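Please keep the sequence and the structure in view while reading.

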Amino acid sequence: MKKVTRNAALLAFALVVLGVYYYVTIPAINIHSTGFWTVLMTLVLLITVLYTATQFRKQSDSGVVQKRSLRKAYKEFRFVKVGALVFFALFAVFIIGNILSSPIVNAGKYKNLMKIQESNFTEDVEQVRYNTIPLLDKDSAALLGNRKMGSMVDMVSQFEVSTDYTQINYKGTPVRVTPLVYASAIKWLTNHREGIPAYILIDMATQDTKCVKLDKAIKYSKSEYFNHNIYRHLRFRYPTYIFDDQIFFEINDEGTPYWVCPVKKFNIGLFGGQTIGNVVLCNAQTGECTDYPVEKVPTWVDKVYSAELLIQLYNFYGMYQHGFFNSVLGQKDCLTATNGYNYIANDDDVWVYTGVTSVSKDQSNVGFVLMNQRTMETKYYKVEGAIEDSAMSSAEGQVQNLGYKATFPLLLNISDEPTYFMALKDGAGLVKKYAMVNVQKYQWVAIGDTVKECENVYIKLLATNGISNSADESLFEQARGRIDTIAPIVIEGNTHYYVLLENSDKLFDVNATDQNLQRIIQYKQGDSISFTYSAEESGRNTVTAIE
């Protein structure tokens with residue numbers, strides 16, 4: 001009777017420990033999950049150790065010499081032997097499964113996980129439209145979000161802004177959205193019944209920042225505890241699903257907040273060849289979940305595949321063209337993505353952009369890829385040019401006296417030319433200027449205080465180098481005459497010269513921080529001058545070149 005009671009207590013204790021472990025770590029009950037195998041091995045090991053400990057204690061209490069008891073226990077405890085055998089069998093399956101799932105024996109399968117379509121850049125990517133250019137990177141968006149939160153006096157003491165800042169297309173405009181989170185565990189305790197009342201929405205083209213207050217609060221989020229934590233909520237609804245490491249906060253066309261939760265699919269062995277098989281959409285307000293096959297996800301959803309997963313899949317394709325060992329030794333025809341990425345809005349989808357370079361990591365790209373975050377559609381463009389780091393350094397060199405730093409570039413189509421576009425930020429992280437750098441000729445750099453001014457300068461630069469069309473040339477006009485008035489003006493820390501010519505009422509703006517225009521400081525009233533400019537709606541005409 002005592003033995004039965006002892007065994008029952010042992011089993012109950014093991015189940016309690018397992019239950020707590022499961023509730024905290026929430027592994028998927030799925031043979032493709034490494035966490036599942038860890039739980040199995042831990043459970044077997046725990047039961048074996050506890051059972052052995054109780055038997056040792058029983059032998060010790062019987063009054064027999066301890067050494068003899070240990071030898072006898074080792075021979076008699078068949079349960080311990082079985083437990084050890086099961087543990088090592090599980091461990092062996094886990095190790096062998098990892099090996100058989102690896103690129104070492106499956107390089108060809110890894111290469112074929114992503115289908116690559118070679119395409120034409122100017123046909124696929126529309127020429128730039130200002131309302132679709134995301135002018136801010138994630139760090140700049142975070143500054144705006146925190147600034148907006150600081151002005152919400154009714155919420156700032158209880159909530160903070162999440163670091164999610166998911167970039168999506170919302171009603172044809174690139175925006176970043178992120179929910180609020182509880183400021184601390186104490187703030188959660190006092191506010192969780194009412195929930196999270198708002199989310200932040202930032203227009204990446206206009207930099208307009210809104211705190212969108214909700215009629216019904218967000219009750220399921222990453223900052224919740226216990227069963228309303230979004231990860232735990234998903235696990236209890238879908239115990240066998242292996243969710244991706246990243247789930248995304250998005251809003252639908254009506255502004256309703258959702259969690260987009262991709263479900264991993266393993267295509268090679270037990271643990272290899274991860275893609276996405278399903279997507280669970282969880283209403284952040286009600287917790288209601290809908291499961292979709294990946295190919296049937298609603299079109300308002302923009303992020304299913306994370307940028308990191310897409311780049312990893314492309315690297316498999318680029319590295320394993322001739323097998324695994326070639327990728328390590330000879331490295332013939334091996335290509336890899338460059339060390340950064342950005343997002344492009346195209347056809348109401350969000351595409352990940354990254355350059356493609358040789359595995360030797362030289363300073364040039366052999367092309368670049370666009371990868372659709374909803375469908376995994378991938379297009380390769382064979383355009384040789386500078387890597388993004390070189391373009392960033394080239395842009396920074398134009399304003400080195402100001403110490404501005406370039407953000408990782410976007411890839412735009414300007415005058416049918418692949419063009420890097422980037423913001424130039426000061427030490428405080430504020431955007432001060434914009435730069436455009438030609439992908440193939442990265443020494444062709446245009447700088448402007450606005451996107452429009454930057455584009456005008458860039459188009460003029462293309463025209464100067466024999467790349468232009470009639471529409472481009474019509475953007476510029478020529479002016480010649482004697483200077484009637486010239487005056488230096490400081491705008492946001494940058495020196496500009498305002499110029500009026502005799503017999504003209506037009507005001508011309510010359511940016512003296514632009515290296516191509518710095519000789520304006522040599523001119524004075526009465527000097528003759530000739531320059532090219534673009535007419536602005538504000539009436540302040542931007543000078544792009546001094547003849």
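In which sense do β7 and strand β8 pair, and over how many bridges? The two strands pair in the antiparallel sense over 4 bridges; strands are DSSP runs of E with at least two residues, helices are runs of H or I with at least four, and both are numbered from the N terminus. Two strands count as paired if DSSP finds at least two bridges between them.

The model is predicted, so local features need pLDDT of at least 70 and side-chain atom pairs count only at pLDDT 80 or more, while totals for chains, interfaces and linings use all residues. Residues are numbered from 1 along each chain as its sequence is written, and side-chain values use heavy atoms, without hydrogens and water.

**The open sheet**

Strands β7 and β8 belong to an open sheet of 4 strands in the order β7-β8-β9-β10, with antiparallel pairing. β7 (248-251) and β10 (289-293) stand at the edges with a single partner strand each, so one side of each has no neighbour in the sheet. Within the pairing with β8, Phe 248 has Val 260 as its bridge partner.

**Salt bridges**

The structure holds 11 salt bridges, each being a side-chain nitrogen of Lys or Arg within 4 Å of a carboxyl oxygen of Asp or Glu.

| Pair | Closest N and O atoms |
|---|---|
| Lys 379 and Asp 124 | 3.6 Å |
| Arg 374 and Asp 349 | 3.1 Å |

Salt bridges that share partners join Asp 124, Glu 377 and Lys 379 into one network.

Leaving aside neighbours within four places in sequence, Asn 346 is in contact (heavy atoms within 4.5 Å) with residues including Asp 124, Asn 169 and Trp 351. The C-alpha atoms of Asn 346 and Asp 124 are separated by 8.7 Å, although the residues are 222 apart along the chain. Asn 346 is buried, with a relative accessible area of 11%.

Arg 176 is found in strand β4 (residues 173-182). A polar atom of the Arg 176 side chain lies 2.7 Å from the backbone oxygen of Tyr 165.

Key. Buried means under 20% relative accessible area, exposed over 50%, partly exposed in between (1.4 Å probe, protein chains only). A polar contact is a pair of N or O atoms within 3.5 Å; within protein, one must be able to donate a hydrogen and the other to accept it, and residues adjacent in sequence count only if both atoms are side-chain atoms.
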